[in-house]
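Here is a short briefing on one structure. Please keep the sequence and the 3D view open while reading.

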Amino acid sequence: MACERYDAIVIGAGQGGVPLARALAEAGRRTLLIESTHVGGTCINEGCTPTKTMVASARVAYLARRGADYGVRTGPIAVDLARVRQRKRDIVASFRGGSERRLQATANLTLLYATARFTAPRTLLATAADGTSRAVTADCIVINTGGRPVQPAIDGIDAVPTLDSTSIMELDAVPAHLLVVGGGYIGLEFGQMMHRFGSRVTVTQRAATLLPREDADICQAIAALLRQDGLDLRLGEEIVRLAPGPNGAILASPSSGGAPLSVSHVLLAAGRAPNSDALDCAAAGIQLDRNGYIAVDEHLATSADGVYAIGDVKGGPAFTHISYDDFRILRTNLLGAGGATTRARMVPYTLFIDPQLGRIGMTEREAAAAGSAADVYSMPMDYVARALEMDESRGLMKAIVDRASGEILGAAVLGIEGGEIMAMFEMAMLGRVTIERIRDATFAHPTLAEALNNLFASPPRPAAAE
């Protein structure tokens with residue numbers, strides 16, 4: 001088979017791969033973008049875009065039921081999940097279609113729908129859905145194949161129908177009783193969403209707390225607000241067996257040995273795995289870690305000369321904005337001045353429960369463990385006038401501050417629009433703005449932002465390890 005040569009090949013049309021392929025092509029490099037399923041990657045098709053579209057619908061249902069709290073009379077609230085699903089599909093199709101059209105209009109760029117497998121260093125076999133194959137090679141290859149949900153090892157799991165973070169969004173009716181296996185970001189977002197649509201929801205979490213990487217006060221506040229919403233949280237417990245029950249029910253046996261739960265649907269939200277197994281990385285001399293993630297250095301280079309990896313497949317924080325920043329690093333190093341690295345980059349993220357959790361930088365626990373002389377400024381959201389006016393004052397905000405410099409080391413905002421307020425902390429960290437300047441700044445009233453005045457006017461406490 002003749003081998004087609006390109007200047008660059010990008011495997012995977014995700015949120016890092018698409019802009020990188022376009023940048024390479026626009027720089028005059030003949031570029032091949034290989035995508036196995038659909039343009040946009042997890043974010044547009046199964047992740048950020050569809051889930052946050054459905055979260056918005058769930059919030060409308062929540063506010064509609066709370067209409068009387070605001071002096072607004074509403075009738076009985078019913079959720080048409082098929083219409084919610086169609087709204088989600090329409091937005092996904094719009095985003096995906098726009099991205100695909102831009103790719104197809106880019107000179108020097110070929111979009112090929114196929115699966116890719118290494119056959120030798122910097123050489124791939126691309127196989128289309130109709131079985132036809134093409135051998136391709138390039139001096140520069142970038143892997144952006146992302147990840148997928150994993151199925152936990154539960155006895156009897158193959159005997160019952162289960163959902164993952166993709167299939168749950170294709171339901172056309174609200175589950176009567178949803179069991180969520182896993183109390184992480186995915187499980188909590190879907191658990192609250194489906195409860196607001198009308199499901200009874202039970203969440204089981206093996207760890208003794210939700211989101212174990214977060215500080216204890218944040219975890220406790222999240223658990224409290226979800227329980228207030230009506231979710232049944234079972235912490236320190238895991239499901240050890242699944243079995244068919246009567247009338248189509250699913251029986252889920254907990255590790256505590258209690259009576260099995262009888263549920264209508266099971267969502268598996270206990271982690272993700274990298275899409276590296278089908279690539280045959282060994283044939284190209286690409287090293288994987290023990291979990292199957294592609295090992296890269298701070299410049300995103302793999303162990304194979306001329307091969308790079310970006311996004312979720314390389315491990316590390318699995319966020320779209322990190323994948324996009326990976327693209328910017330490679331663009332600089334491949335097309336620009338060079339020298340860009342992942343070293344010391346900030347990793348902001350938002351958990352889209354409602355109210356949101358926005359996080360940036362060090363936790364209090366991390367600051368204390370690092371031996372930093374740090375103070376903690378903390379304030380409940382019911383001290384924030386704007387939150388009270390909007391009748392959503394649950395949660396808290398906290399900042400970890402270097403005692404000597406007055407600069408912010410990290411922050412957590414669990415509250416309405418917590419992700420947007422977190423971005424203010426990030427801007428302050430980028431600019432090394434001290435808390436004294438923030439405390440004395442003039443922010444518009446009444447806004448959520450002005451809460452930072454009061455936060456830093458309150459007395460701090462020393463950061464402590466839990």
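The points below cover a sheet and a helix pair.

This is a predicted model. One topic is an open sheet of three strands. The other is the packing of helix α5 against helix α6.

**The sheet**

- The strand order is β11-β12-β13, and the pairing is antiparallel.
- β11 covers 239-244 and β13 covers 261-263.
- Both of these strands stand at the edges, each with a single partner strand, so one side of each has no neighbour in the sheet.
- From one strand to the next, the twist averages 25°.

**The β12–β13 pairing**

- Strand β12 spans residues 250-254.
- Three bridges join β12 to β13, and the two run antiparallel.
- Isoleucine 250 stands opposite valine 263 in β13.

**The helix pair**

- Helix α5 takes in residues 185-197, and helix α6 takes in residues 216-229.
- Two packed helices are described by the angle between their axes and the distance between the axes.
- For α5 and α6, the angle is about 20° and the axes lie 11 Å apart.
- Angles under 35 degrees count as roughly parallel, and α5 and α6 are therefore roughly parallel to each other.
- The crossing of α5 and α6 is left-handed.

**Residues at the helix contact**

- From α5, the contact involves Leu188, Gln192, His195 and Arg196.
- These meet Ile222, Leu225, Leu226 and Asp229 in α6.
- By class, the contact of α5 with α6 has four nonpolar, two polar and two charged residues.

Conventions:
Residues numbered from 1 in each chain as written. Predicted model: local features only at pLDDT ≥ 70, side-chain atom pairs only at ≥ 80, totals over all residues. Heavy atoms only, no water. Pairing = 2+ DSSP bridges. Helix = DSSP H or I, 4+ residues; strand = E, 2+ residues; numbered from the N terminus. Axes fitted to C-alpha atoms, helices over the stretch in contact; angles between N-to-C directions. Parallel < 35°, antiparallel > 145°, perpendicular 65-115°, else oblique. Left-handed = near helix turned anticlockwise from the far one by under 90°. Contact = heavy atoms within 4.5 Å. Nonpolar A, V, L, I, M, F, W, Y, C, P; charged D, E, K, R; others polar.
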